[in-house]
Amino acid sequence: MSIKTKIQAFKEDLDFFEDELQKYEFIIDLGKKLKPFDEKLQIDKNLVQGCTSQVWLVCEKKEDKLYFYGTSDAIIVKGLVYMILEIFSDATIEELNAIDMDIIKELNLSEVITPNRQSGLTGMIKKIKTYANEYKEMR
Amino acid sequence: MFKNDFPYFNNSKVVYLDNAATTQKPQVVIDAQVEYYTHYCANTHRSSFSDANKATQQYENARTTLKNFINASKNEEIIFTKGVTESINFVASSFAKKFDTIIISSLEHHSNIVPWHMQGRVLNKGLEVVKCTPNLEFDFEDFERLLQQHKNAFVSITHISNAFGTIHNIKAIIQLAHKYHTPVLIDGAQSLSHMPIDVQDLDADFFAISGHKTFGPTGVGALYVKEKYLKELAPYQTGGATIQSVDYLGSVLLDSPYAFEAGTQNIAGVIGFAQALEYLNHLGYDSIQKAEKQWYEYLDAQLHTIEDIVFYNTTHHAIGSRSFNIKGIIHDDIGILLDKMNIAVRVGHHCAQPIMKALNIKGTIRVSLAFYNDKKDIDAFINALKKAISLLKG
């Protein structure tokens with residue numbers, strides 16, 4: 001599944017709820033699906049810049065694709081992290097390097113997420129792109 | 001009942017519980033500002049045509065209103081400012097500069113910390129912090145020890161903690177400081193919305209006042225300066241309307257308060273602020289405190305029914321604000337969900353990071369009441385809080 005298709009799927013899920021509180025309930029439930037994240041990886045190097053709460057994000061390369069793992073100390077943010085990991089994992093380095101999007105707009109979350117959180121989401125994308133770029137340069 | 005006086009409550013569906021950040025404004029305050037802008041908008045203390053005279057008169061009447069409200073002895077002791085932040089910055093960069101040590105409490109907000117840092121004062125190097133007890137109460141023994149150690153000191157202390165609602169016994173603080181000939185500034189940002197202030201009875205040397213936290217307009221406040229210190233007080237900014245004469249050889253400044261109110265003032269704001277004080281006079285602090293006490297106690301009782309709630313102080317010697325956390329949940333998560341349920345509270349460090357760090361927390365959820373809040377507000381908040389917790393823990 002391409003990044004675009006995965007974004008579209010989440011967008012449809014989110015748009016299904018007219019009530020903002022229900023949207024949050026959906027996001028909170030997504031957070032519960034996050035795989036356990038090793039506490040040893042919860043270090044400054046893996047922190048995402050721009051988040052009000054703490055978000056850690058790491059990356060693993062399998063063959064020519066990148067896979068992301070992460071978590072947050074905030075429950076709602078965990079749901080956002082889950083979406084980001086799902087959307088951008090299993091993509092090639094080329095695909096990730098080519099990302100040029102406003103994720104908040106793509107997911108139609110600008111009304112739901114406060115400006116502070118929006119910069120956190122943007123920070124997650126930046127971190128993903130940094131990882132993709134590092135792998136590109138390693139080649 | 002009181003809400004009818006405040007148009008905000010007719011226009012917004014929000015349950016407003018963020019009064020320590022700013023209070024809502026009664027219609028009379030809004031009307032007074034509209035009246036100035038629509039009927040006699042002119043600059044004060046300069047021109048002498050009829051509307052300018054009226055504006056000056058109303059502005060000076062406001063000074064008298066505030067003087068009487070806090071029982072200052074003279075109008076000269078009342079200097080209008082942008083608010084508490086400017087009042088403290090003024091004293092910090094003027095009168096207090098000469099002191100070797102500034103003594104503050106553990107519960108200060110950033111407005112009474114950062115101005116001192118800007119002078120290069122840090123802990124044990126020009127800045128001392130009085131300890132507090134585990135219930136966040138002022139440690140008088142520690143205070144006296146600091147006063148004994150630092151002979152050339154200036155005390156700058158908040159009256160009521162914005163984050164926790166703790167009330168400092170400022171009369172006793174001032175008395176003790178004066179025993180050591182140390183002058184005292186009281187940060188009264190949270191005071192006037194909750195309790196009457198008598199600067200003569202308190203024997204305060206400086207008292208910083210907020211307009212917008214006292215049901216007045218934003219961008220206006222005041223600094224009370226005890227008469228005996230007026231001569232020693234240098235302006236920290238100068239300009240129009242502060243001078244008696246100017247030529248290229250120098251300027252001769254006017255006396256207080258004019259020497260300290262440089263440039264065109266927030267005229268509408270000052271006039272509006274006076275109306276807020278008149279409104280409080282009309283209601284009387286007895287009925288304000290009766291209403292507030294009832295709902296503060298009710299709020300506390302309701303919060304105690306919530307599982308895993310963590311408080312940092314009791315309501316003993318506290319007013320207005322109640323701060324807490326829920327075990328296992330970051331305050332931000334609760335704040336987001338409360339907002340979606342139209343409940344306005346503040347979550348975070350409340351511009352008081354040092355005390356948050358001392359408590360080893362990043363912040364709290366703070367409910368802050370004003371006299372117009374009622375049972376319905378608190379019930380709506382408690383229900384929303386329970387719902388948020390169940391969503392987050394569910």
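**Figure 1. Overall build of chain A.** Chain A runs through the pattern α-α-β-β-α-β-α-α-α along its sequence, where helices are DSSP runs of H or I with at least four residues and strands are runs of E with at least two, numbered from the N terminus. Its secondary structure amounts to six helices and three strands. The model is predicted: local features need pLDDT of at least 70 and side-chain atom pairs count only at pLDDT 80 or more, while totals for chains, interfaces and linings use all residues. Residues are numbered from 1 along each chain as its sequence is written, and chains are lettered from A and ligands numbered from 1 in the order in which they are written. Chain A has a radius of gyration of 14 Å, close to the 14 Å given by the globule rule for 139 residues, so chain A is as compact as a globular protein of that length. The radius is taken over C-alpha atoms, and the rule is 2.2 Å times the number of residues to the power 0.38. The C-alpha trace of chain A spans about 45 × 30 × 25 Å along its principal axes.

**Figure 2. Helices α2 and α3 of chain A.** The two helices α2(A) and α3(A) pack at an angle of about 75°, and their axes are 7 Å apart. Axes are lines fitted to C-alpha atoms, for helices over the stretch in contact, and angles run from 0 to 180 degrees between N-to-C directions. The angle makes α2(A) roughly perpendicular to α3(A) (65 to 115 degrees; under 35 is roughly parallel, over 145 roughly antiparallel and the rest oblique). From α2(A), the residues A:Y24, A:I27, A:I28, A:L30 and A:G31 meet a set in α3(A) that includes A:I75, A:I76 and A:M83. Contact means that C-beta atoms, placed from the backbone, lie within 7 Å. This helix contact has nine nonpolar, two polar and one charged residue; Ala, Val, Leu, Ile, Met, Phe, Trp, Tyr, Cys and Pro count as nonpolar, Asp, Glu, Lys and Arg as charged, and the others, Gly among them, as polar.

**Figure 3. Residue A:I84.** A:I84 sits in helix α3 of chain A. A:I84 counts as buried because it has 23 C-beta neighbours inside 10 Å. A:I84 and A:L109 are 25 residues apart in sequence, and their C-alpha atoms are 13 Å apart in space.

**Figure 4. Contact between chains A and B.** Eleven residues from chain A and ten residues from chain B form the contact. On the chain A side, α2 (20-32) and α3 (75-88) each supply at least two residues. The most comes from α2(A), with five residues. By class, the chain A side has six nonpolar, two polar and three charged residues.

**Figure 5. Two domains of chain B.** The domain assignment, automatic or from a database, divides chain B into domain 1 (28-282) and domain 2 (284-393). Their C-alpha centres lie 29 Å apart. In the contact, 21 residues of domain 1 of chain B touch 22 residues of domain 2 of chain B.

**Figure 6. Helix α12 of chain B.** Eight of the ten residues of α12 (residues 331-340) in chain B are buried, so this helix is largely enclosed by the rest of the structure. Among the buried residues of α12(B) are B:H331, B:I334 and B:L338. After α12(B) comes B:N342, with a positive phi near 65°.

Notes
Contact = placed C-beta atoms within 7 Å. Buried ≥ 20, exposed ≤ 12 C-beta atoms within 10 Å, placed from the backbone.
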